[in-house]
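Reader: I have a new model on my screen and would like to learn how to read it. Could you take me through it one feature at a time?

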Amino acid sequence: MLNATGIATVGIAVGAALILRAQPPHGYDLGGITLVNLRDDQTERAVLAVTAALLALAVVNTIIITWTTARDARRSLAVARAFGATPGQVTAALAVAQIPSALGGAIFGLPLGLLLHRTVSAGPTLTSPPAWWLAAAGAGLTLSVAAIATIPAVFDARVPVTPVLKAETA
């Protein structure tokens, strides 16, 4: 649930950034010369900075959650390895286990980001981003979580089986 909430938060920021990016540029026509609206440029940079910060937080969150999941499942994963599962299979299982929460977070977060932008925007009409942008963002968030989850999973899958199975549970 924590991972889904973190990804949903990132999804909100990404959704807002996508709808902001989809807006046509607004300039000031001075009769032959069109000046760029600097406020739009600064707003886009600020949203990008906030989105990047949330992405960094989501990466740390995913690594910690996968690491704690691996630590909690260390004994059952050792049993699976004792019955023939390879470290690669254990790594894949831990990474794939993060996908449902990431997908749920992306599915809820991206539309909430669009809604957030529509709620706080002062403009009368807004251009929605293309559907493929949203689909690509959702798939990107979900696959990124799976890829990032492999980092701690690889280390935990390499732990020798015998000491884990001999250890007494507290």
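Predicted model: local features only at pLDDT ≥ 70, side-chain atom pairs only at ≥ 80, totals over all residues.

Reader: Which elements does the chain have, and in what order do they run?

Author: Read them from the N terminus: the order is α-β-β-α-α-α-α-α-α. That makes seven helices and two strands.

Reader: How do I read the overall shape, and what radius of gyration does the chain have?

Author: The idea is to set the value beside the one for a compact globule. For 170 residues such a globule would have a radius of gyration near 15 Å, whereas this chain has 22 Å.

Reader: How much of the chain is buried, and what is its surface made of?

Author: Of the 170 residues, 33% count as buried. The accessible surface is about 10,300 Å², and carbon and sulfur atoms hold 71% of that.

Reader: Which residues make up the largest nonpolar core?

Author: A nonpolar core joins buried residues through side-chain atoms within 4.5 Å. Here the largest one has 11 residues: Ile7, Val10, Val14, Leu18, Ala58, Ala102, Ala106, Leu110, Ala137, Leu141 and Val145. Helix 1 is the element that gives the most, with four residues.

Reader: Which residues does Ile7 touch, leaving out those up to four places away in sequence?

Author: With those left out, Ile7 touches Ala58, Thr62, Ala102, Gly105, Ala106, Leu141 and Val145. Apart from this core lies another one of seven residues, among them Ala70, Leu77, Val90 and Ala157.

Reader: Let me look at Leu77 then. Why does Leu77 count as buried?

Author: Buried means under 20% relative accessible area. Leu77 counts as buried because its relative accessibility is 17%. You will find Leu77 in helix 3 (residues 74–82), where Leu77 touches Ala70, Val90 and Leu94, not counting residues up to four places away in sequence. For a sense of distance, Leu77 and Asp41 are 36 residues apart in sequence and 50 Å apart in space, C-alpha to C-alpha.

Reader: And Ala139, how far is its C-alpha from that of Leu103?

Author: The two C-alpha atoms are separated by 7.9 Å, although Ala139 and Leu103 are 36 residues apart along the chain. Ala139 belongs to helix 6 and is partly exposed, with a relative accessible area of 38%. Helix 6 also holds Ser144, which counts as partly exposed at 37% relative accessibility.

Reader: Is Gly32 buried or exposed?

Author: Gly32 is exposed, since its relative accessible area is 79%. Look for Gly32 in the loop between strand 1 (27–29) and strand 2 (34–36). From Gly32 to Pro129 it is 97 residues in sequence and 30 Å in space, C-alpha to C-alpha.

Reader: Last one: how far apart are the mean positions of the positive and negative charges?

Author: They are 13 Å apart, with 10 positive and 7 negative charges in the chain.

Technical notes
Residues numbered from 1 in each chain as written. Heavy atoms only, no water. Rg over C-alpha atoms; globule rule 2.2 N^0.38 Å. Buried < 20%, exposed > 50% of the residue type's maximum accessible area, 1.4 Å probe, protein only. Areas by Shrake-Rupley, 256 points an atom, 1.4 Å probe, with all protein chains shown as cover. Lys, Arg positive; Asp, Glu negative; His and termini not counted. Charge placed at Lys NZ, Arg CZ, Asp CG, Glu CD. Contact = heavy atoms within 4.5 Å.
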